[in-house]
There are 2 protein chains.
Amino acid sequence: MKHIPFFNTKIKGSFWGERQDVSKNVTIDAVYDRFKETKRFEALKCNKEQQEKEGWSSHIFWDSDVAKWIEGVAYALEEKRDESLEKRIDDLIDDMCASQLENGYYNCYYNIYNSDKKFAYRMNHELYCLGHLIEAAVAYHHATGKDKLLGLVERYLDLVIRVFVKEDSAQFVTPGHEEIELALVKLYHATGDKKYLELSKFFIDKKGCNEKDKDHYSNWCTAYYFQDQLPVREQTTAEGHSVRAMYLYSAMADIAKEYNDTELQRACERLFENISEKRMYITGGVGSSRIGEAFTVDYDMPNETAYTETCASIGLALFCRRLSELKPDGAFADIAEKAMYNGSISGVSIDGDTFFYENPLTIDLRNHDKNPATKEKERYPITQRVKMFGCSCCPPNILRFVNSIADFLYTDDGKMLYVNQYMNSETAFEGKRIVQKTNYPSDGKVRIETEGYDVVAVRVPSWCDDFTASAQYTMKDGYAYFANDSVIEIDFHIRPQFISSSCIHENTGKVALQYGPIVYCLEGTDNEGDIFSFFADLDTEFEVENSSYFSLPIITCGGYELNNDKELYYPANRRTFTERKLRFIPYYGMENRGETDMIVWLPVK
Amino acid sequence: MKHIPFFNTKIKGSFWGERQDVSKNVTIDAVYDRFKETKRFEALKCNKEQQEKEGWSSHIFWDSDVAKWIEGVAYALEEKRDESLEKRIDDLIDDMCASQLENGYYNCYYNIYNSDKKFAYRMNHELYCLGHLIEAAVAYHHATGKDKLLGLVERYLDLVIRVFVKEDSAQFVTPGHEEIELALVKLYHATGDKKYLELSKFFIDKKGCNEKDKDHYSNWCTAYYFQDQLPVREQTTAEGHSVRAMYLYSAMADIAKEYNDTELQRACERLFENISEKRMYITGGVGSSRIGEAFTVDYDMPNETAYTETCASIGLALFCRRLSELKPDGAFADIAEKAMYNGSISGVSIDGDTFFYENPLTIDLRNHDKNPATKEKERYPITQRVKMFGCSCCPPNILRFVNSIADFLYTDDGKMLYVNQYMNSETAFEGKRIVQKTNYPSDGKVRIETEGYDVVAVRVPSWCDDFTASAQYTMKDGYAYFANDSVIEIDFHIRPQFISSSCIHENTGKVALQYGPIVYCLEGTDNEGDIFSFFADLDTEFEVENSSYFSLPIITCGGYELNNDKELYYPANRRTFTERKLRFIPYYGMENRGETDMIVWLPVK
């Protein structure tokens, strides 16, 4: 089983088509401009004199930002080459190659600063940067046939293999920020050279099993931070820095598949279960704590301080996509879908040029700057997206994620096709053909036309408890299996549903609104009054209204507002409520129309 | 109108009698022992050589800790002299007097360290310490007739008046930590010397109106921190460090009364309204933020991170008691009562020897130490009382508060008596006599027998909407006025009541249980299962059961538990609940029987 890579698919309008148009027309340039302003491109030249003269210096993780931008652009070039964009990228690659050291090493920081400290600090992102450069090189080569960046990373990897595997001469054994592991599998597929696969497996096998890495723990980051708490095959809970975790687990799934390593596969499945059953927000956000950008304990999902980094939600989707290749279980694509429609794309504005790093589920403006007694502030996530962060990993990650979103559509198993996601699209793959006609998720109707497959297994989303299909099917593990049907019409009957949660203390007695896979929120912008005094009515009728602004429906229903014109504390039997309309928008579209209060979970009357 | 000082009253058993027994039999020694261990007494000798040799040093606020302990003991001595305790105190006073400088100055830190920096740093508690020494001196003199400590503070005050008023030669104009202002009014009453009253008024009048004090603002503490944001007569909102605020407002009420300053009185009333209507927990806790130990904005009452320092709740009661002397409005004693029975005494354990500084309204043990990725912890209030704090202001404050609790009983207006609180007790005052027979608040029956009053005004608590009285009365501003009745039997019909709150976002849809003035909580200790999945049933029947352990009833009622055996997120229409018993204990008694989850507010089904 393998996923059908996105470049075999042409998405045609509808939700993801619109998101991709914005990504290609706006986000590519928006990220480019900010990276240029902040010297991330100039830094590739590794000119220390210039930096000193101009008063700035390159940073240990800047290469990875540039690499992700290149990768995201490369995905756009798959559909349509663009001379001007390629010129920009070729220039960047020229700068990197000109600075690559004799022995293959390249890092825009260590090339010129602390150059005797290469591979000395596990925290310092050298292999993480290389990982992203590999992904960029593979992507750009595939889109354009140009192999200069591929050459750079292959030369660099010869050094890495020598230092880390043959000589064991680095100050650590496995990367402090995982990423290269999954990139190496991509490079193996692109080049066919098994040494890259072996290096990936080496890093994964060594993780949590060696003494040298322990020297890099500190009060600030423990073994858990690095997913080092146990050898990977023994891990049962998602731990530590959530983006690192997601990239590691993705690579574990890759290696499990490549080596048919069932023990590793079982570890991946256990980690998936722990995440999806106990450590994930309804938005597909993961990593609830700002401290260490980390996972904490089961069911700890604070809404207002939710860290849930955009990159972590993207990472969760990437992990799930790989799991779908290991075993035909719809649960994986269910969670990928949750992350795709909610906690990942909430990280970019509707107009594509501003970004969230953190994606909270409650914004209560009253709490921000609330303490005039001191200038030390209680910390909350920012409430409006910004053009750039100091650590600006999320913007180019969103770019590459949206531009390759069709990666999530299908798993191919020869004559058997698994349909994991729904997008209005046409796909051609290894002589086979798939056409989806759908407005999903604005409504739940999907027409799937296939050529070349004997069996088509269509995921029935876990949120759907009532669907109709045009042909006979057999259900198994979340997929409806259709045999010998070249055309399948299915309707998931998407309708608004209030959702409860289990064991999340803050959400007891509360519900969230979902429409298919889309999580909704209430904003002050659309609802007069104090949204924190609103109550859901579980028996309400819903109005679903298309919105071109959000590319998804707006939902209005009846609810209640607690009348707050009482004294501060008063007998509960004097509570009164006023019936009122509640107007919900898709969570991903929150905070796009000015700063306003926002909630996902609201109490039930 | 003046309050009848506690030493005119003998409390006889019942709730406060039992609390006072523990206070006198346990807390006096417990605090003494910890202060001795931590060198707070030794420090009074101001022996720098000794400190250097032994490797410790005295601290700028230690005098205030000792002073509050002396004051608390003095209050116990009012009832019964005790040679051994007096010997301890006399020795401490001897040490202080021996160290008092020629010019009258005394501070166990500045006498020997940075002695050229006296009255240079507004933050450094010199006048705060003197304030507490004044209160101790007045109390000890009243209880024993001994005037040595009184002599010390009077000599010191001559210096303070010269430096602050006559010469204006200190580096600041008004105290950085208010307290001396209210102490000076006490000293004026004890000595009859008006210069002390004038000094108090001087500090109050100058507050927020002078340039010199502004030099002491920093990023950490702004004008608001010190209640400097406006001249006191213009203030409308309770701001800044909550203990400082309470002590200031108390003194403002004193000065308003002494000078018949209606503008100042109106400011006090505005501040009281802001607190009681918008900035106070249901427990009478104030100051919600750990940062600056400060007030924040209206309706900001987070439960789990509630700072609500024990001393602040005590301070609120002290402020309210003074307001009762300004105007016959039951609202003041209502709030004093709230603080007395909840947020203040939650600061001491049932057995009297361990203490809380912070008094949270939710304890969710799951959140403590939840992030293994890092040793940097998310901060929550501690969950078990301890014997001592580095800044150990609360333990001796509780001591003096409980030992003088009868201060809150009555306001006397010649032939008119205001009964503000209810305690089984006998009072003799200026030839008049008052006897209360009651088990309040275990039940609501109070028999009040008076001699020498024409009118007795009995506060009808704001939580009471149904009371019966043995005689005719007229209601006004929260008091039932009885004329010519030497015996009044009143029953406030205390019964369990669920209480709602207004505008507090975290509490929307939730209720708290009250029994008369007592706020209740649910603890894991008494309730199997996850208390965070419990729901209140507003139509339940209650069982009220006396508890000798808590000296107050335990309350059991019906409720619901959300069944959490579902997936993490699931359609709300599949929610199921199990009926169950909920067992509530008085909030003040929380966390006395081992570490356990605790909530005050629970959702309504």
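Tutor: Helices (H or I, at least four residues) and strands (E, at least two) are DSSP runs numbered from the N terminus; on that basis chain A has 13 helices and 23 strands. The model is predicted, so local features need pLDDT of at least 70 and side-chain atom pairs 80 or more, while totals for chains, interfaces and linings use all residues. Residues are numbered from 1 along each chain as its sequence is written, with chains lettered from A and ligands numbered from 1 in the order written.

The C-alpha atoms of chain A occupy a box of roughly 75 × 70 × 50 Å along the principal axes.

Now the pair, in chain B. Helix α1(B) spans residues 14-37 and helix α3(B) residues 62-79; their axes come within 11 Å and cross at roughly 155 degrees (lines fitted to C-alpha atoms over the stretch in contact, with angles from 0 to 180 degrees between N-to-C directions). The two helices are therefore roughly antiparallel (under 35 degrees is roughly parallel, over 145 roughly antiparallel, 65 to 115 roughly perpendicular, the rest oblique).

From α1(B), the residues in contact (C-beta atoms, placed from the backbone, within 7 Å) are Lys24(B), Ile28(B), Val31(B), Tyr32(B) and Phe35(B). They meet Asp65(B), Val66(B), Trp69(B), Gly72(B), Val73(B) and Ala76(B) of α3(B). By class, this contact has 8 nonpolar, 1 polar and 2 charged residues (Ala, Val, Leu, Ile, Met, Phe, Trp, Tyr, Cys and Pro are nonpolar; Asp, Glu, Lys and Arg charged; the others, Gly among them, polar).

Conventions:
Contact = placed C-beta atoms within 7 Å.
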